[in-house]
Amino acid sequence: MKKVSLTIFLGIACLVSYSQQMKNMATGVQSTGRDSLVVRYDLYVRDTIVNFTGKPEHAIAVNGQIPMPVLTFTEGDTAEIYVHNMMDEETSLHWHGLFVPNKYDGVPNLTQMPIMPHETYLYKFPVVQHGTHWYHSHTMLQEQIGMYGAMILRKKNEPDILTIPVVLSEWSDMKPEEIQRSLHNATDWFAIKKGSTQSFSEAIKQGYLKTKLTNEWKRMNAMDVSDVYYDQFLINGKSTVEQPQFKAGDKVRLRIANAGASSYFWLNYSGGKITVVATDGNDVEPVEADRLLIGVSETYDVIVTVPENKSYEFLVTPEDRTKSASLWIGSGEKIFARRLPKLKFFAGMKMMNDMMDMNGNIKEMQGMKMQDQVMDMNTVMYPEISGEDKGNRSRQDHDAHAMDATGMQQMNMKEESGDIVTLNYAMLRATEKTTLPDAPWKELNFVLTGNMNRYVWTLDNRTVSESDKILIRKGENVRIVLYNNSMMRHPMHLHGHDFRVLNGQGEYAPLKNVLDIMPMERDTIEFAGNTDGDWFFHCHILYHMMSGMGRIFHYENSPAKTEITDTAAAQRMLFADDRKMYSMARAGIESNGSDGEAALSQTRWRINTLWHLGYNKLHGYESETMIGRYLGRMQWWYPYVGFDYHDKTEGGVKNIFGSESKTWFGQVSDKLNRHTVVAGVAYTLPTLTVADIRIDGNGKWRFQLSREDIALTPRLRLNWMINTDKEYTLGLRYIVTKYFSLSSHYDSDMGLGGGITFTY
Ligand SMILES: [Cu+2]
């Protein structure tokens, strides 16, 4: 073995190195069939300022670039990757899809201690496979702001074809911690930005009022295909990339990695068919398609042809179709790829209504085998497949009703036999047999579960910190059956192993390390337990993973080979991710007084305080502080205890029910200067109305019904409350920005008022 150093030094040189690498890759300059080497990279991780939208924002760059440098090795090499953490916060790097010794897998507090600020850490491992892979930070939310890059493992005799590494990602000017907090507070700001609010006015306009009402009756919030609004979508760090050096007749291999934190991408090309030749680093029999959807963290190798001396667009569209990014191949006249029309959200809502029973479970559809990604349930939302919706109500209704078995099959047939061929997993066939060795089997079952209203994502309704490690034995085969009982796709990723996806290809089942599993789909994967240590199995949507959607697989009796000495402390750090508390606040300042709420909440617990403040003594002051726990998978039950404080120096005001001194049950109200403990339980009823019954320290009962944030129009929200203390409110809020609304409400205590509401 020879030793070479590919050290990339700091400075201007590293800024240009990425484009240099791109050019080298693109012109096929790399040697083939060479001896095995020790290949060294030095990665300097630094805070940086980027400007994708005209506004400078904080990001993280490695060797001065986003994405991180393309790391290239040849099968048989030894990788030596020195990570120099130049930041004031910890970091880590995970080699996605690589079979590495467990201690170098890069999951902080599981396989290694975090790389502390201003420390250097060496990852050293033999390269025992080939294919297109990628690497990213596994620390906090660093992956969202730049810590991702391509990792290309060449075959010993790699065919000499023109190649472009294509790293897909997304950018938001909002800090990732704020994205995460917003998701956990179920604010619909992202839906407003994306135009996917699915409000009542839109439902009525499009003839879907019944669908909207049914949706709320089933206690669902508006569904979308993705959670986060992004400002930009990026190909190798830019929204437009030009590769003009290609000529008519060239075949170009795109090594595509979806390094987006939470976006799936549609890929289509204006120069003809896309030939898929590998996925997740594993070769498949070449298969042609017009387009494919690449899941978060998946990789695909595809070959496209340049038909004439023109510039052909390889179009990258996020699944929510809000924007796009373009890679132009060749030079000359620009040939545009087919744009994807806006999603038909109400058709999707109708589909979800039909799929969901009253308990938040997905119904098994009669006569349908939902397996192996053959049918894309979201197809009902694609105008290009199911027909344009403009001015064609009957057609739209027909599509919305296409959820019975035959309808779905027809749709699927149409998708496969029609003019648009969309790649699905059943079309992937390994180039060699992938059968597992003869060994004892272990079978595991997981239900993918979620609660969109509170952004809780789990397996079997348990987070990572709420579950034990899954024990497996070296030498056994593991079969995992996954059932998606949530309303979103989840790209499930297994560290350190490839698994077979049982897709009807028998002995030639394709090998992958990420499985995209659609709502109501059941998939089976299997792998040989051939290593040791701890391996993470998790949803690769960053914000789902951080909320606890995963498990740790632990090889029994495998000796600890990591450098973690205090395993209990490390585990607490690891579990802290999904135990995190999120803060929220809402404060109205209106002409008649101030109402507000502040809360801290996590997966199961919530502490909140509410206040109600009049501007004159007549109206007094009231506050309640409560702690409660959400019960059950859907979290519709919420028992709580707390403290209620009322202060009114003079008598209350009359309300439409008459005197202020008696409740409906004839009890004497003690609203004046009341200090009392309360205990109660809230329950979310069909229609998303919250029923709340409580008793206070004086033995007085109160029953209350309320509903917040009814979306009347994309930005107008209605809320109401009524209770047996004869209190009631009715309010409207017009959302101007994420943090600021105009509001008005009528309140039985304080009367009519108008003003502003801050939301945090
Ligand atoms: Cu997920």
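Which residue in strand 29 is the bridge partner of His-490? The bridge partner of His-490 there is Ile-517, and you will meet both strands again below. Welcome to this predicted model, in which local features need pLDDT of at least 70, side-chain atom pairs count only at pLDDT 80 or more, and totals for chains, interfaces and linings use all residues. Residues are numbered from 1 along each chain as its sequence is written. Helices (H or I, at least four residues) and strands (E, at least two) are DSSP runs, numbered from the N terminus.

- Five strands form an open sheet in the order 24-32-31-26-29, with mixed pairing; two strands pair if DSSP finds at least two bridges between them.
- Strand 24 (470–472) and strand 29 (514–517) stand at the edges with a single partner strand each, so one side of each has no neighbour in the sheet.
- From one strand to the next, the twist averages 20°.
- Strand 26 (residues 490–494) runs antiparallel to strand 29, and four bridges join them.

**The barrel**

- Twelve strands make a closed barrel, running 33-34-35-36-37-38-39-40-41-42-43-44 with antiparallel pairing.
- Within the barrel, strand 42 (residues 728–737) pairs with strand 43 (residues 740–747) in the antiparallel sense over eight bridges.
- Leu-730 has Tyr-746 of strand 43 as its bridge partner.

- Strand 19 (residues 311–318) is mostly covered, with eight of its eight residues buried; a residue is buried if 20 or more other C-beta atoms, placed from the backbone, lie within 10 Å of its own, exposed if 12 or fewer, and partly exposed in between.
- In a regular strand the side chains alternate between the two faces of the sheet.
- Here, Ser-311, Glu-313, Leu-315 and Thr-317 point one way, while Tyr-312, Phe-314, Val-316 and Pro-318 point the other way, and all are buried.
- Strand 14 (residues 265–269) pairs with strand 19 in the antiparallel sense over five bridges, and Asn-268 stands opposite Leu-315.
- Strand 21 (residues 334–335) runs parallel to strand 19 and is joined to it by two bridges, with Lys-334 as the bridge partner of Ser-311.
- Strand 20 (residues 325–329) is antiparallel to strand 19, with five bridges between them, and its Trp-328 stands opposite Glu-313.
- Strands 19 and 20 form a hairpin with six residues between them, and Arg-321 in the turn has a positive phi of about 60°.

**Helix 5 meets helix 6**

- The axes of helix 5 (residues 209–217) and helix 6 (residues 345–355) come within 9 Å and cross at roughly 45°; axes are lines fitted to C-alpha atoms, for helices over the stretch in contact, and angles run from 0 to 180 degrees between N-to-C directions.
- That angle makes helix 5 oblique to helix 6 (under 35 degrees counts as roughly parallel, over 145 as roughly antiparallel, 65 to 115 as roughly perpendicular and the rest as oblique).
- Thr-211, Thr-214 and Asn-215 of helix 5 make the contact with Phe-346, Met-349, Lys-350 and Asn-353 of helix 6 (contact means C-beta atoms, placed from the backbone, within 7 Å).

**Around helix 2**

- In helix 2 (residues 176–184), the buried residues are Ile-179, Gln-180, Ser-182, Leu-183 and His-184.
- These buried residues pack against helix 3 (189–194), helix 10 (542–546) and strand 33 (582–590).

Definitions and conventions:
Contact = placed C-beta atoms within 7 Å.
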